[in-house]
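Let's take a walk through this protein together, starting with the whole chain and then stopping at a few residues inside. Keep the viewer open as you read.

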Amino acid sequence: MSRYLIINADDFGMCRSANLAVYDLFEKGGITSATIMAPCPWAKEAAVWAAKNPQYAVGLHLTTTSEWGNYRWAPVADNVPSLCDEEGFMWHESDQFEQHANLEEVRKEINAQYDRLHQFGFTPSHFDNHMGSLYGVATGRFELLSLTIEECAKHGGMPFRFPSKFTDEQFGNEMLDISVPKEVIMGLLEPMIMGAGEAGVAILDYLMPGDWNGPQSESYENFREYIYEKYRAFPDGIIETYIHPAMESDELKGIAGSWQRRVWEYKLFSDPKTLDFIKSQGIKLINYRDLKKMRFG
């Protein structure tokens, strides 16, 4: 089997700096999809742009956490107290969300986020999830994943970012933040993976984001070589890797202490040499619309 790759830009709509980077990367071919954070201030602009540019595959980045210190957002739905911290914003971390979340309030919030962006003429190509909070892997609340797959099916069989296969590398990846033992996850998730297929919800073979735990965090050059080496080692199958690109700005620096990483990701994937490298490895770039066709025809 060949290697097929989706490069998704997460956090579309989080801020203007992210939006500008996503627009540019789509035009340059540096990404194949992106996902919008409906609770965030710049989500409307992102949704309007996506509606006007249907040639690009843009999805919904289901958001139930609000991780930054001073830049925060609240749930879209009304009267969902289990999804709010003591300040009225979404919980900072996935484990906090999983510990407090009421399932029906989660369902309500998923639909409110979809409806908020749909009013701007936006129909997502797929669903994914901010910080993996709906996977349940931080505390073992896998009923959250089951609920999310149900909602994907209800929305016309939305493809969903979730892998059917796991590698040892994934369990050590700090971006995925998996806290539940591998044997527990595999035993509980196999029925859900099968159920996703039966429900017409296309999922990935592998989810393999980059990691910042190493020398790749020390310089742009190190980061570029780390990404190149990671892509060389991709297995056969359908893979997604995701990035969080943003243009350098005072806005971005005010939001994220790790702003430099987002700027490096934008720089690397806007460089035509990166696209040339991916193609030289025999990797075929696809998006989530392609994934749905490949799974279900």
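A few ground rules before we start. This is a predicted model, in which local features need pLDDT of at least 70, side-chain atom pairs count only at pLDDT 80 or more, and totals for chains, interfaces and linings use all residues. Residues are numbered from 1 along each chain as its sequence is written, and side-chain values use heavy atoms, with hydrogens and water left out.

Zoom out to begin with. The chain has 12 helices and seven strands; these are DSSP runs, numbered from the N terminus, with helices being H or I of at least four residues and strands being E of at least two. The C-alpha trace spans about 50 × 45 × 40 Å along its principal axes. A compact globule of 297 residues would have a radius of gyration near 19 Å, and the chain has 18 Å, so the two agree. That radius is taken over C-alpha atoms, and the globule rule is 2.2 Å times the number of residues to the power 0.38.

Now click on Arg72, in the loop between strand S3 (57-62) and helix H3 (94-100). Arg72 counts as buried because its relative accessibility is 11%. What do the polar atoms of its side chain lie close to in the backbone? One is 2.5 Å from the backbone oxygen of Met90, and there is a 3.1 Å distance to the backbone oxygen of Ser66. Both are polar contacts (a pair of N or O atoms within 3.5 Å; within protein, one must be able to donate a hydrogen and the other to accept it, and residues adjacent in sequence count only if both atoms are side-chain atoms). Leaving aside neighbours within four places in sequence, Arg72 also touches residues including Asp85, Glu87 and Trp91.

Gln113 is in helix H4 (residues 103-118) and is buried, because its relative accessible area is 1%. Its side chain reaches the backbone oxygen of Thr63 at 2.7 Å.

Thr63 leads on to His130, as the two are in contact. You'll find His130 in the loop between strand S4 (127-129) and helix H5 (143-154). With 3% relative accessibility, His130 counts as buried. Its side chain makes a polar contact of 3.4 Å with that of Asp11. Other contacts of His130 include Met37, Glu67 and Trp73.

Finish at Phe234, in the loop between helix H8 (220-232) and strand S6 (237-243). Phe234 is buried as well, at 5% relative accessibility. Setting aside neighbours within four places in sequence, Phe234 is in contact with Arg3, Leu5, Met208, Ile239, Thr241 and Ile283. Leu291 is 57 residues from Phe234 in sequence, and their C-alpha atoms are 17 Å apart in space.

Notes:
Buried < 20%, exposed > 50% of the residue type's maximum accessible area, 1.4 Å probe, protein only. Contact = heavy atoms within 4.5 Å.
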